[in-house]
Amino acid sequence: MEKDFDRGELIRHALEQQKKAYAPYSGYQVAAAVLMDSGKVYTGVNVENASYPAGICAERNAIFHAAACGERRITAIAVVAGLRGENTEYSSPCGICRQVMREFCDPKEMRVILARTPEDYRERTLEELLPESFGPESLPRL
Ligand code: THU
């Protein structure tokens with residue numbers, strides 16, 4: 001069932017974290033705030049590495065943070081991103097992050113908020129960003 005939540009507040013959580021992004025190589029600072037069905041919000045930022053592929057996106061960092069705290073169901077995620085923290089675009093999650101979101105939600109219900117400011121954002125369902133997806137129910141039961 002669709003849950004109502006405060007989009008602006010979730011975006012503000014992400015914006016507060018954005019300065020903590022560790023992006024010395026790309027300069028592209030990303031932050032995500034994920035609202036779980038428990039009502040709790042977990043944040044994450046991108047963390048790059050001198051060995052480039054070892055870095056991680058903000059969205060996965062936030063979701064893994066929530067999962068490590070025992071959370072299993074996502075209501076929504078807000079993402080903010082921009083070069084040196086200037087959020088001129090609506091940044092859409094990469095394919096790997098979309099698949100990680102898929103693990104912990106109903107894609108028809110989960111909301112992805114692509115934000116520039118608390119008032120200026122685009123909203124999609126995960127289903128729109130990742131149609132005909134492969135998820136936990138796709139695997140045969142053992
Ligand atoms: N990045 C994210 O954090 N999330 C995305 O969905 C796309 C890309 C990060 C990874 C890397 O640190 C930087 O943005 C440039 O790709």
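Our tour goes from the ligand to its contacts and then to the pocket.

Before you start, note that this is a predicted model, where local features need pLDDT of at least 70, side-chain atom pairs count only at pLDDT 80 or more, and totals for chains, interfaces and linings use all residues. Residues are numbered from 1 along each chain as its sequence is written, and side-chain values use heavy atoms, with hydrogens and water left out.

Stop 1: Select the residues around the ligand, including Ser 26, Tyr 28, Asn 46, Pro 93 and Cys 94; a residue belongs here if one of its heavy atoms lies within 4 Å of the ligand. By class, this shell has six nonpolar, three polar and two charged residues.

**Stop 2: polar contacts.** Look for pairs of N or O atoms within 3.5 Å. Select Glu 48: an N or O atom in its side chain is 2.6 Å from an oxygen atom of the ligand. At Ala 58, a backbone N or O atom lies 2.9 Å from a ligand oxygen. Now pick Glu 59, where a polar side-chain atom is 2.8 Å from a ligand nitrogen.

**Stop 3: the pocket lining.** Which residues lie nearest the centre of the largest pocket? Select Tyr 28, Val 30, Asn 46, Cys 57 and Glu 59 to see them, out of 15 lining residues. By class, the lining has nine nonpolar, four polar and two charged residues.

Notes:
Polar contact = N/O pair within 3.5 Å; in protein donor to acceptor, adjacent residues only side chain to side chain. Nonpolar A, V, L, I, M, F, W, Y, C, P; charged D, E, K, R; others polar. 1 Å grid on protein atoms, 1.4 Å probe; cavity = no way out; pocket = protein on both sides within 12 Å on 5 of 7 lines; lining within 4 Å.
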